[in-house]
Structures are given as structure tokens and as C-alpha cells.
Amino acid sequence: MTHKLCLLGATGSIGASTLAVLRQHPERFELTAVTAHSNVEQLLAICQEFVPQIAVMVDEHAARRLTAALANSSTTVLCGAEAVAEVAADASSDTVMAAIVGGAGLLPTFAAVNAGKRVLLANKEALVMSGQLFIDAAATSGAQILPVDSEHNAIFQCLPAAAQDQLGHCDLAAAGIHKILLTGSGGPFRELALTELAQQTPAAACAHPNWDMGQKISVDSATMMNKGLEYIEARWLFNCTAQQLDVVLHPQSVIHSMVSYVDGSVLAQMGQPDMRTPIAHCLSYPERVLSGVEPLDFLSIGNLSFAAADSTRYPCLDLAMKACWQGQWATTALNAANEVAVAAFLSEQIKFTSIATICSAVIERVQQASNVAKLNSIEAILSLDEQARAYARERIKQVETC
Ligand code: NAD
Ligand code: MG
């Protein structure tokens, strides 16, 4: 069967890895729709190569340029954020790769879920922002969620088939599972003196030792907010309690996560730190296809090591793990504050260490507000998201600049 794929975030890092897998299997996958924010040159090259039916650019000026460049092509160019959500849900595709970065991915990812698509989920922020609503929407529409994030994909691969079929609702204890062990490398500053953290530049934060990723997730990896968001993502995907979910530092990024069973067995998924592996797994699930990634060479790896994450070094991880059990308001607020703080760090407005202090201050401020109790609609989530972003921007004005 040929899958018809809509690729949200086609010009990003996950977008590029997805296209690399598609190129190897033109008979299995047809790229029917692509979306991007504003990179005309890159989306044009993708359209010329894959000739999708629809290409969406969020930015109006970029959309006009793309329309002109594709005047003689069969690809229809659409414009705006609403068109991204429409294309995620329309009949041009049966499968949607959700690879927009940040909260901007919430509405399109949700649209794909509500339309009952097979949703390959890279956009972890959407699940962090909407948790139970997301899981319930998938159950109602019959959408199949497949985790692209390498850790969640690893955990998924280590689950029994029955639990794989019940994503969001699986009973881990009934499946004989003791714990899920989420691994993380610790990022580029794992061994840096704590006194030097505040002086780290965006370039240093983005130089991840093992993974090549977009800027936002690279900074999130340096603060370990990424692991915190993944902790929240795992809680929803695998229906975990706090006792069933742990984080383990594993600097080599060979093991992508593990599932520990009650009989003492621990299943781990291993591989190169290359997103083409989980992407190929999700695209072809339950079959296996070539991804272009070489198998591991254990003799050259030598040693694997493990450690606990230090909360002095990684306050963002602590904040996220706590927020996970405080409630939806806390994870929505944290995600919003983090996006604003990371953008401010990347534009050199604030120090690396201020990301955590801003996130913490925003969570406290949101908690003091009276409207945090009920977040039972996407509109309520987006309203809290906006409020938390405003708080974060106010706080940024107050903190010391670099
Ligand atoms: P990226 O920055 O490289 O690409 C982001 C994509 O989103 C681009 O195509 C961009 O055009 C699009 N985009 C940005 N803002 C947008 C907006 N307002 N509206 C619509 N589209 C917009 O990001 P990435 O590293 O590919 O990450 C994408 C998602 O996948 C993130 O949620 C990230 O956490 C997740 N993820 C990435 C990796 C990785 O290795 N890069 C691994 C696991 C999970
Ligand atoms: Mg990950």
C-alpha cells in the first residue's frame, strides 16, 4: 500500500530526515502535502523534487514568492497558519508527520488527530500543551499516534504489541512493566564547571555532542528541558504514574530508552543517534524498511555509562518533572515560558541560566492566577499559553541581559 504523506515542518531538521527516508522508498510513500514557515528556497526545492499536490507557507510574502516560482507546476500553493491546519486534516493524505517546532504545531497536529489520521508525532510540545485532550481526541477519532521522538520510539519498540495498540491508555502494570527509563545524554554542558554555565553562548548550546537538530530543541537539550518535555510526553503516551517513569543520563546516546519488566528483564532499543531510524520505523510500522542508517559497531563504541541527572546543573528538568504532576496548567505554562525564554537566549537577550529562572517565575505567577483549574478545550489551552508568554516577556525585561 502506498501511504499519502503530509509533512508539516518540511524545511526543518526532522523534515529533512523524513525526506531522506522517502527518497529511498518512492513506491511506498507519496508526498502529497508540505508546509513550512518562510523558507522559500528550501520549500521550492522540495516541491520541485517531490511535486506534492499542496504546499503551504505560513508567511504571506514567502507564499507569494513560492506561488510565482511554481507557476508552471501542478503544486497548489496556500498561505497562512489556518491553511497548515486545513491541509493536515484534508483528504490529500492518510499519514501526517507532525514536525513543526513548538506551540505553533498544536493546532495542525490536533487537526490531524481529529481527522483520524495516522499521526507520526515529532512535535512533542503539542502533547505537552494539551495532554489528556490530545489523547482523548485520538481515542474519539481513531487516529493512530506513532512516536517519532527517539526516546518514545525506543520505548514503543520495547513494549508488547498489545500495549503498542493502546497508546495513551495502556496499563503498564498489567503488561508486566515495572518502569520506563528515559535516557538523555546530558547535552553539551554535562561536564562544564557550574560557574561557567551563565556565560555560554547560543552557538555553544546548539553544539550537541551526539545529535544534529533544530536550534530550539538543541538549546532544550543543553538545559535538559528537552528531557523534561519528553518526560511529560512519555507520561501521556505510555499512561505512566510518577513511580513508573525515571530519567537516566547516558552520555553516549547509544541506548535511546528502556523498559524494565517485573521479572528483571530490561529491554533497550539501541542505534546510531540519527532520526532517520525512528522516522523510518514510524513510516513503515509495523514493517521495517531501510532508513540509510548504518548499524551500530559495538566494538568501536566500547563503553556505555549511566548516571543520575544533577538538579543543580539541570533545574529545567526538575521544573518539568514537577509540572508534569502539578497539572495541565503547569505544563502548558512551562512550555510557553520556555519557548519565549529560549528565543530570547538565542537572540542574546538573556543568559543561558536565565531560561530556568524565567520558566520558574512564570509557573509561580500562573499558579497564583485564578483561572488555572479547568483547561478542557484547546481555546482555554491557547489562552493560558498566550498569558504565560506575556508573563515570560515581562520577566525577560526585568532580568539582567548578557
Ligand atoms: P526545526 O527548527 O529544524 O524545523 C521546524 C519546522 O517548523 C520548519 O519546517 C519551520 O518552517 C516550521 N515552523 C517553524 N515555525 C512555524 C510556525 N509558526 N508555523 C508553522 N511552521 C513553523 O525543528 P526540528 O528540530 O525539526 O524539530 C521539529 C519538532 O520535532 C520539534 O517539536 C522537536 O522537539 C521535535 N524533535 C526533533 C528532533 C530532531 O532531531 N531535530 C528529535 C526529536 C523531536
Ligand atoms: Mg528526543
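Contact here means heavy atoms within 4.5 Å. By that rule, Ser93 touches Lys4, Leu5, Cys6, Thr32 and Lys117, leaving out residues up to four places away in sequence. The structure is a predicted model. Its largest nonpolar core has 134 residues. A search of the whole structure finds 18 salt bridges and 0 disulfides.

**Ser93 and helix H4**

- Ser93 sits in the loop between H4 and E5.
- Ser93 is buried, with a relative accessible area of 6%.
- Helix H4 spans residues 81–89, and its buried residues include Ala83, Val84, Ala85, Val87 and Ala88.
- Strands E1 (3–8), E2 (29–36), E3 (54–57), E4 (76–79) and E5 (95–98) are among the elements that cover the buried residues of H4.
- Helix H5 (106–114) is also part of that cover.

**The nonpolar core**

- In soluble globular proteins, nonpolar side chains tend to be buried together.
- Within the largest core here, Leu43 and Ile355 have the most contacts.
- Helix H15 (residues 328–346) gives the most to this core, with 11 residues.
- Ile355 is in contact with Val219, Thr223, Cys316, Asn338, Ala341, Val342, Phe345 and Ile350, leaving aside neighbours within four places in sequence.

**Helix H10**

- H10 is largely enclosed by the rest of the structure, because 7 of its 9 residues are buried.
- Those buried residues are Lys216, Ser218, Val219, Asp220, Ser221, Ala222 and Thr223.
- Their cover includes H6, helix H9 (202–206) and helix H11 (225–238).
- H14, H15 and helix H16 (354–368) are also among the covering elements.
- Val219 and Thr223 of this helix are two of the residues in contact with Ile355.
- Just after H10, Met224 takes a positive phi of about 65°.

**Salt bridges**

- Side chains of opposite charge can pair when their charged atoms come close.
- Asp149 and Lys124 meet through their side chains in a salt bridge, at 2.9 Å from N to O.
- This pair links distant parts of the chain, 25 residues apart.
- Asp149 is in the loop between strand E7 (144–147) and helix H7 (150–158), while Lys124 is in helix H6 (residues 124–141).
- Asp149 counts as buried at 7% relative accessibility, and Lys124 counts as buried at 3%.
- Both belong to a network of salt bridges that also links Glu151, Lys227 and Glu230.
- Glu125 and Lys216 form another salt bridge, at 2.9 Å from N to O.
- That pair also links distant parts of the chain, with Glu125 in helix H6 and Lys216 in helix H10 (residues 215–223), 91 residues apart.
- Glu125 and Lys216 are both buried.
- Glu386 and Arg393 meet in a salt bridge at 3.2 Å, N to O.
- Glu386 counts as partly exposed at 43% relative accessibility, and Arg393 is partly exposed with a relative accessible area of 42%.

**Cysteines**

- The structure holds 0 disulfides.
- Cys170 counts as buried at 1% relative accessibility.
- Cys206 counts as partly exposed at 22% relative accessibility.

**Tyr261**

- Tyr261 lies in strand E10 (residues 255–261).
- Tyr261 is buried, with a relative accessible area of 13%.
- Tyr261 and His178 are 83 residues apart in sequence, yet 4.9 Å apart in space, C-alpha to C-alpha.
- Tyr261 touches Cys158, Leu159, Pro160, Ala175, Gly176, Ile177, His178 and Leu267, not counting residues up to four places away in sequence.

- Met270, Phe298, Leu304 and Phe306 make a nonpolar surface patch of about 370 Å².
- Phe306 is in the loop between helix H13 (298–301) and helix H14 (315–326).
- Phe306 is partly exposed, with a relative accessible area of 44%.

Key:
Residues numbered from 1 in each chain as written. Chains lettered and ligands numbered in written order. Predicted model: local features only at pLDDT ≥ 70, side-chain atom pairs only at ≥ 80, totals over all residues. Heavy atoms only, no water. Patch = residues over 30% accessible without salt bridge, like charges linked within 9 Å, V, L, I, M, F, W, Y side chains within 5 Å. Areas by Shrake-Rupley, 256 points an atom, 1.4 Å probe, with all protein chains shown as cover. Salt bridge = Lys/Arg side-chain N within 4 Å of Asp/Glu carboxyl O. Helix = DSSP H or I, 4+ residues; strand = E, 2+ residues; numbered from the N terminus. Buried < 20%, exposed > 50% of the residue type's maximum accessible area, 1.4 Å probe, protein only. Core = buried A, V, L, I, M, F, W, Y, C linked by side-chain atoms within 4.5 Å. Disulfide = S-S within 2.5 Å.
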